[in-house]
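These are my notebook entries on a protein chain.

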Amino acid sequence: MIRKTRLFTPGPTPLLPAAQFAMAAADIHHRTAEFRSLYTRVLSQLKDFVGTTNDVIILSSSGSGAMEASVSNLTSPGDRVLVLTAGKFGERWTGITKAFGCHVDVVSAPYGQTFSIDEVKAALKLETRAVFVQATESSTGVRHDVQAIGQLLKDENSEALLIVDGITGLGTTHLDMDAWGIDVLIGGSQKAIMIPPGLSYLAISQRAWDRMEATYNPRYYFDLRKERKNAAKGESAYTPSVALIAAMGAAFNYIAAQAGTPENPAGDLKVGRAMLVDNAETCAAMTRAAATAMGLKLFAPKGNEAAAATAILPPEGVDSGVIVKGLRSKFAIIVTDGQGEMKGSLFRIAHIGYFDYMDTIAVIGAMEQVAVANKFPGVTFGTGLIAAQKVFAEHTK
Ligand SMILES: *Cc1c(COP(=O)(O)O)cnc(C)c1O
């Protein structure tokens, strides 16, 4: 059999062909009217994609660059901040805030879990200047309750800014930045937007812009106020990743067109964004049902499963590498093993971005092949597929 390489990783995710063509055609200088018109359009589409009226900034970096920019622009050395962590990406917040001299309080839940709002409340101090959290923790497949954290900060009249890494949350879960009181919402190009790594973006509230007037951690390349000034003129402060910006525009057109009608084939990006979230949720629900039917346990607690990716435990006594390698060698399907200390104990299948029904059925079918070949208890052909088919029919009826 020939094998088609297929990514099922929560970033980078499979590329949208229309975005790849847009990249190849993006032979544009960044100080021209042509670029300014493209950039202005993409920034405006990005607001609709994030779902906010706040200004959005694009940076040429992977997602962690925007995480760092949020810390360097919004904190000063010695600031007391609160990091909520339950996985590898939460730990990145601790690392960055410490690197910029913050006094870091940490609420940590075990991998595969989320923290309770009571724990967050107990850790929140009068002096807390910012709270850092993930919308979804990609390393464990867990969704955190950002809305409840926003509500807590409001109830407590906290001055703390709420800074959310939505890098795998955007496009996979409903996030209402403006209504929930999120001050900074961060995304990355290689996740739900279906284009290669290299761009990050931040939506920033007025409260956060005001905070930047007084903070004094060092920043130069990632100076958000400078970027905002340039963006208002349709430019970026330095040479931007022109090709990726063209790709981003093409991806937004595609997402909007999912909501197209014969009268309006271009569709609507806000509706398309909701459809993209729904798509991820459906693929995730199919995968969870299939895994459960195959006797495999899910890592995330019920009700807090991320739609970005599903983390699945192998059968007792089996290393998850058996599944990861089985899918790779026989089907050229790339899924990720657990990160760090979770390596060998779980594997993750992504649903974020350009995945559809066919992709999901394919990976479940391949999982059955690997399970049967390795004599996983109770699995016969069709076990997972039947469960997934039923979920799809139910979700799309
Ligand atoms: C992918 C990802 C990041 C960013 O990682 P980069 O490699 O810097 O793009 C950050 N947080 C989460 C939750 C992610 O999934």
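Predicted model: local features only at pLDDT ≥ 70, side-chain atom pairs only at ≥ 80, totals over all residues.

**Entry 1: the seven-stranded sheet.** I looked up the strand order and found an open sheet of seven strands, E2-E10-E9-E8-E5-E3-E4, with mixed pairing. Strands E2 (55-60) and E4 (103-108) stand at the edges; each has a single partner strand, so one side of each lacks a neighbour in the sheet. I recorded an average twist of 20° from one strand to the next.

Entry 2: I then examined E8 (residues 161-165) and E9 (residues 184-188), which pair in the parallel sense over three bridges. Asp165 stands opposite Ile186 in E9.

**Entry 3: helices on the sheet.** Which strands does helix H3 lie across? I found that H3 (residues 63-74) lies across E2, E5, E8, E9 and E10, and runs at about 155° to E9. Helix H9 (residues 224-232) also packs on the sheet, where H9 touches E2 and E10. The direction of H9 makes about 110° with that of E2.

**Entry 4: two crossing helices.** I turned to H10 (residues 242-257) and H11, whose axes come within 7 Å and cross at roughly 80°. That angle makes H10 roughly perpendicular to H11. The contact is made by Phe252, Ile255 and Ala256 of H10 with Leu269, Gly272, Arg273 and Leu276 of H11.

**Entry 5: strand E14.** I looked up the partners of E14 and found antiparallel pairing with E11 over four bridges. Ile312 stands opposite Phe347 in E14. E13 (residues 336-337) also pairs with E14 in the antiparallel sense, over two bridges, and Thr336 stands opposite Arg348 in E14. In a regular strand, side chains alternate between the two faces of the sheet. Are the two faces of E14 covered or open? Both are covered: Phe347 and Ile349 on one side, and Arg348 and Ala350 on the other, are all buried.

**Entry 6: helix H13.** I checked the length of H13 (residues 357-373): at 1.5 Å a residue, its 17 residues should span 24 Å, and its end C-alpha atoms are 24 Å apart, which agrees. At the start of H13, a side-chain oxygen of Asp356 reaches to within 3.1 Å of the backbone nitrogen of Met358. Just after H13, Lys375 takes a positive phi of about 55°. The buried residues of H13 include Ile361, Ile364, Met367 and Glu368. Among the elements that cover the buried residues of H13 are helices H11, H12 and H14, together with strand E14.

Key. Residues numbered from 1 in each chain as written. Heavy atoms only, no water. Expected span 1.5 Å × (residues − 1). Buried < 20%, exposed > 50% of the residue type's maximum accessible area, 1.4 Å probe, protein only. Contact = heavy atoms within 4.5 Å. Polar contact = N/O pair within 3.5 Å; in protein donor to acceptor, adjacent residues only side chain to side chain. Pairing = 2+ DSSP bridges. Axes fitted to C-alpha atoms, helices over the stretch in contact; angles between N-to-C directions. Parallel < 35°, antiparallel > 145°, perpendicular 65-115°, else oblique.
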